[in-house]
Structure formats: structure tokens, C-alpha cells
Amino acid sequence: MRVLKGVTFSVCAGEFVAIVGQSGSGKSTLLNILGALDQPTAGLVKIDGVDISTLDSRGLAHLRNEKVGFVFQFHHLMNEFSCLENALMPIIIRRGRATPEERARVLQLMERVGLSEVVHKRANQISGGQQQRVAIVRALANQPALILADEPTGNLDSVSSREVFTMMREMTAEHGVTFMMVTHDDRLAGQADRIFRIEDGVVSISPGHL
Amino acid sequence: MSFESMLAWRYVLTSRGQTGLTVAAVAAAVCLIIFVNCLLLGVQDRFIRDLIGSLAHITVKVPDPDPEPLNDTPEQRYAVQVEKQLQKRTELKRPEALEAILSNYPHVSATASSVGGQAFIIRGVRQFGVTIRGADPIKQEAISNLNDDIVAGRWLTIGSNDIVIGFKLAEDTGVRLGDTVTVLSSERVQSSFTVAGIFDTGQNQIDGSTVFVTLRAAQSLYATGRDASAISVKLDDPWQANQVSELISDSLGLKTESWMVEQAQFVNAFAAQNGARVMISLFSLAASAFGIASVLIVSVFQRSRQIGILKSMGATDAQVLRVFALQGLFVSLIGAVLGALSAWGLLSFLLTFKQVERFGKSDQLFPAILEPRVFAMAMVAAILATLLASLLPALRAARTNPVEVITEG
């Protein structure tokens with residue numbers, strides 16, 4: 001069954017793209033392919049210049065670790081670890097431990113998003129909005145080229161939603177990170193540089209706020 | 001490896017229920033294996049010590065003179081009936097020289113010439129059938145450890161007129177230390193002896209009918225001159241008896257009796273016991289491994305979303321495998337140590353129980369031996385079994401497809 005039919009596009013560094021569509025339209029599949037979690041059955045996908053079809057599962061894992069940060073609808077933090085440890089996880093996966101510089105950088109990010117109070121608390125001891133912010137810092141920990149978010153505000157109340165979205169926007173702009181977000185919220189989508197609308201596996205691209 | 005061990009250790013610490021169950025499974029298996037092996041080995045060890053403590057490992061005698069048919073040509077067939085000559089005493093000539101030769105054989109730790117046979121102890125009108133063993137006390141001591149069993153009088157320093165008897169025989173005959181007894185041997189030599197010592201070996205057979213005299217005394221009783229009827233041999237490893245005994249009989253042409261053959265029923269019983277011991281150990285390892293595998297599989301299933309997230313962050317399949325394998329390793333290490341400690345405690349407690357005392361000597365009721373090798377092997381086996389058990393769940397975890405587990409919910 002073909003989920004996505006003949007999709008072709010390229011995204012620039014620092015761009016903010018919103019992906020909109022009904023459930024079952026194929027947007028999650030698109031996101032998974034973009035994040036090298038899944039290989040396309042046909043076609044070419046290049047992330048930061050690397051053709052992912054040339055990589056085996058180990059190579060894909062390394063690519064994800066270095067180039068891609070994910071933010072999911074549910075924060076998926078690890079309750080056995082503190083917020084700081086969660087945020088540092090991509091670095092720890094790559095090298096076993098974080099250098100003092102990396103630690104300082106992540107702590108600064110946490111401070112930036114207003115989490116300095118809860119740095120050492122366990123992930124299940126803070127609010128939903130705070131948890132999602134930790135997830136955002138985690139996605140940025142390894143300084144990726146691309147952040148992929150799958151309805152990151154879907155599970156939050158409107159206040160937290162606003163906060164989280166603004167934060168993601170600012171962070172990605174500040175660090176020159178490409179930001180692609182799946183959302184069903186047209187208001188948020190309207191703020192993107194470009195909107196990818198998916199319907200029955202076909203993508204149509206339209207400009208956003210520009 | 002830091003990421004994997006950090007994660008594994010954190011999992012062990014935070015999932016208390018699972019960790020508790022799996023550690024308990026390993027500890028129980030290790031404790032059981034150590035307990036059963038130490039107890040059975042101890043029982044065997046003591047039994048062998050008691051049994052052959054007073055016996056020689058190998059007894060060397062003159063070969064029985066078997067009659068042989070004179071004509072042995074293959075073309076002709078004869079109907080032959082071979083009749084063994086009945087009981088005739090045959091003695092080893094120049095036993096001292098023979099002892100020296102035997103000492104050079106592998107595993108031989110002590111030798112003692114002996115003369116023995118049947119005799120009667122005469123007390124008034126009553127006659128008691130006994131077995132006489134005549135040997136040099138110091139040399140015989142290296143073979144049969146009689147001195148530890150002496151409960152009255154002496155043994156090592158007895159003279160040619162002294163006799164040492166078992167406490168049961170003393171009771172039966174009403175004889176006490178210092179009394180004089182008359183001994184009539186099967187060679188019809190009669191002699192008087194003073195009871196110089198009384199022993200209790202714990203074996204009724206010996207305590208009731210075996211008596212010890214010096215070699216010279218026995219040589220007179222049986223008119224053997226300077227010859228000996230047998231040479232007893234002690235080995236540093238009793239289980240080599242069959243091999244060494246064959247070696248001796250093949251090279252010297254003498255008849256040898258190994259304790260393993262003479263006491264074959266016990267040797268077979270031990271073999272059966274050892275088989276049971278090994279099977280119990282293997283089955284408890286298997287049970288423990290299955291228990292652990294099932295707990296870990298549940299753990300992997302529960303963590304499948306977390307594994308997916310880790311993979312989305314770039315954790316490789318190999319890394320995920322190592323996390324769960326390490327979890328199994330940590331659990332098995334903790335469990336093995338706990339199991340070994342409990343076994344040690346349990347065995348030490350059992351060792352405090354004493355048997356009924358007799359003559360101020362008492363043995364442990366449960367003669368377990370705290371053999372370090374058993375402890376080490378049980379722990380290593382449990383660790384390996386647990387690692388193997390963790391392999392299936394770990395592989396399952398490594399193969400988790402992040403796309404499937406993340407997009408639910």
C-alpha cells in the first residue's frame with residue numbers, strides 16, 4: 001500500500017515548515033522517513049547532504065543521533081532519570097558521558113526555557129508543559145541540523161501550547177536549525193515559512209506567512 | 001559502554017519489584033546448588049573416610065595359584081573342569097623389599113606389611129571368632145588412622161604381647177583394659193595377650209570382630225616367619241585405586257584388590273548420588289533461568305516505547321542489546337553473592353548440630369563441607385545461565401521497531 005505518492009521537495013537550513021493533514025493521510029510516515037526512522041520504498045532522501053539509502057541501521061542510528069532531534073506528542077521522557085540526564089541523553093548515547101562544555105550548554109538551554117529550578121528533579125515530578133520543554137532541550141542537545149516535531153502541543157493546554165510553540169520557534173531560529181512540525185492547528189501552521197498539506201498521500205506545498 | 005551500564009544500573013535500581021524477583025530467583029538457585037552439593041559431598045567424603053579410613057586403598061597379595069590345563073593346542077579341544085585349590089595360605093616373600101618397590105608407584109603415600117587371619121579369643125569356656133590384623137603400629141597408622149579412634153589405652157606403642165580390641169568386642173567378651181586374653185589362631189598357635197587398647201571406629205564390623213597386634217606377634221601366630229600375607233597401600237587420591245592397582249598387578253604379577261572393587265556397592269551408590277546432585281543443580285539453574293527470562297521479557301515489553309525513543313535519539317540495536325544484557329548481568333551478580341551468603345549461613349548453621357556422643361567423641365550430624373570450588377562454580381554457572389536467559393529478551397529489545405512503538409498513543 002503506498003502511503004506517500006510521489007513526494008518531492010527540499011527544505012533549507014533554518015526553515016520552518018508546517019505539515020498539515022488528516023490522520024491517516026501519511027504525515028507520520030513522512031516524518032519518520034525525514035527523521036531516518038524509516039526508509040522509503042522508492043526514491044531518494046538526503047539529510048544534510050547524506051543519502052540515507054546508503055546507510056545500514058547502525059549508520060542511520062548515528063545519523064539520527066547527530067543530525068535529527070525528535071519532539072513527540074507525548075514527551076516520552078525517562079522517569080528513572082532527572083530532567084538534566086534526560087536532556088543530556090543524546091550526548092550520553094553517543095559518547096557515554098557529557099563533557100563539561102556540553103553540560104554547561106544544555107544547562108544554559110534549560111535555563112533559557114525556564115527549567116533551571118527542576119534540573120535535578122525526576123521527569124515524573126514536573127508538569128506536562130515542563131516535560132515537553134525538557135523534550136525540546138533534549139532534541140537540541142546534540143546540536144542537530146533538523147528538528148522534527150509530531151504534534152508537540154497536542155497534549156497540552158492552550159497556555160502551555162503557546163509557550164512551547166513559541167519556545168520551539170525561537171530556539172530553532174536562534175540556532176539555525178530547520179524545524180518541521182506536524183500539526184492540525186491551522187493557526188500555528190499559518191506561522192510557518194511553508195505549509196506542506198498532505199491529502200491521501202499527496203503533498204501540496206504552499207507558502208506560509210510569507 | 002558507559003551509556004549502557006548507566007541505563008542498565010538505573011533500571012536495576014528503579015524497578016524494585018522486577019529486580020527483587022530476578023535477584024531472588026538467582027539467589028535461590030545458587031543457594032540450593034551450593035547447599036545440595038556441599039551437603040552431599042560432605043556426606044560422601046565422611047563416608048569414604050570412615051569406610052576406607054580403616055581400610056587400605058589397595059591390598060597386594062600373592063596371586064592365587066590357578067590350575068591350568070597342560071595342553072593348549074588350538075587344533076584339539078578338551079573338556080576341562082578347573083577346580084581351584086581350597087584355602088591354602090600363601091605369603092609374600094621379602095615384604096620390606098616389596099614395600100620399597102611399591103612406594104615408587106604413582107599416588108602411593110604409605111605402605112604397611114601385615115599378617116592376618118582368623119582366630120578365636122578364649123575367655124573361660126567361651127570362644128569368640130575374631131579377625132587378627134598384625135602390622136607395625138606406626139606404619140599401620142598411616143593406612144588406617146586407628147589412633148584417632150582409641151578410646152582407652154594405647155596403640156602406637158604396643159609390644160608383641162599386647163592386643164588392641166574394639167569396644168563392642170570388649171563388651172561382648174566382658175574384657176577390660178589390662179586383662180589377659182588367650183588367642184588361638186587358625187594355624188593352631190595359642191598365645192596370651194594383654195589388652196593394651198580399646199577403639200571405637202563407628203563401624204560395627206570392625207569394632208566387634210577385628211583385633212590388632214604387632215607384625216611379629218601375628219607372624220608367630222600364623223607361623224609365617226618373616227613373610228607377610230599382604231601389603232596394604234594408601235594413596236593420596238583414593239579414586240585412583242583402580243588404576244594404580246592394575247598398574248601394580250600388571251607390572252609385578254601380584255594380586256591386587258582395590259577398595260573401589262571390593263566396596264563396589266558404595267562406589268555405585270556414590271555414582272548415583274553424584275548423578276542426582278548434578279541433575280538437581282542443572283534443573284534449578286534451568287528453573288531460575290526460565291523465571292528470569294520471563295520477568296525480563298515483561299520488562300522489555302513494558303519499556304518498548306522507551307526503547308523506541310532511545311532509538312529515535314540514535315541508540316543502535318547493539319547498544320539496546322547491551323543495556324538489557326547488562327541488566328541481566330547486574331542482577332545475576334547480586335543474586336549470586338546473596339545466594340552464596342545464604343548457603344554459607346545455612347550450612348554453617350547445620351554444621352553446629354552434633355550427633356549423639358559416644359566416648360566423648362561426636363561428629364557433626366550434617367557433615368557438609370564448605371568447599372570453595374562449589375561456591376565458585378555455582379556462582380559462575382548462575383551468572384552464565386542468567387546471561388543466557390537475558391539474551392532472548394535483550395534480542396527482542398534490540399529488534400524493537402521505533403516507528404511502531406512511538407506512534408501509538
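User: In β7(A), which residue is the bridge partner of Gly21(A)?

Analyst: This model is predicted. β1(A) and strand β7 (residues 194–199) of chain A pair in the parallel sense, over 5 bridges. In β7(A), the bridge partner of Gly21(A) is Ile198(A).

User: How many bridges join β1(A) to strand β6 (residues 178–182) of chain A?

Analyst: Start with one pair. Ala18(A) stands opposite Met181(A) in β6(A). The two strands run parallel, and the number of bridges joining β1(A) to β6(A) is 4.

User: Why is strand β1 (residues 16–21) of chain A said to be largely enclosed by the rest of the structure?

Analyst: Look at both ways its residues point. Phe16(A), Ala18(A) and Val20(A) point one way from β1(A), while Val17(A), Ile19(A) and Gly21(A) point the other way, and all are buried. A residue counts as buried if 20 or more other C-beta atoms lie within 10 Å of its own. β1(A) is largely enclosed because its count of buried residues is 6 of the 6.

User: Do β7(A) and β8(A) pair in the parallel or the antiparallel sense?

Analyst: Phe196(A) stands opposite Ile205(A) in β8(A). The hairpin of β7(A) and β8(A) has 2 residues between the strands, and Asp200(A) takes a positive phi near 50° there. Over 6 bridges, the sense of the pairing is antiparallel.

User: Among the elements of chain A, which has the lowest mean pLDDT?

Analyst: Chain A as a whole has a mean pLDDT of 85, and 98% of its residues reach 70 or more. Helix α3 (residues 83–95) of chain A has the highest mean among the elements, 93. The lowest mean, 81, belongs to strand β8 (residues 202–207) of chain A.

User: In the contact of chain B with chain A, how many residues come from chain A?

Analyst: Chain B puts in 22 residues. α1 (2–14), α11 (304–312), α12 (317–351) and α14 (402–406) of chain B each supply at least two residues of that side. By class, the chain B side has 9 nonpolar, 9 polar and 4 charged residues. The number from chain A is 24.

User: How far apart do the C-alpha centres of domain 1 and domain 2 of chain B lie?

Analyst: Chain B is divided into domain 1 (2–52 + 267–406) and domain 2 (95–258). Their contact takes 5 residues from domain 1 of chain B and 5 residues from domain 2 of chain B. The side from domain 1 has 3 nonpolar, no polar and 2 charged residues. The distance between the C-alpha centres of the two domains is 50 Å.

Conventions. Residues numbered from 1 in each chain as written. Chains lettered and ligands numbered in written order. Predicted model: local features only at pLDDT ≥ 70, side-chain atom pairs only at ≥ 80, totals over all residues. Domains from an automatic or database assignment. Contact = placed C-beta atoms within 7 Å. Nonpolar A, V, L, I, M, F, W, Y, C, P; charged D, E, K, R; others polar. pLDDT = per-residue confidence, 0-100. Buried ≥ 20, exposed ≤ 12 C-beta atoms within 10 Å, placed from the backbone. Pairing = 2+ DSSP bridges.
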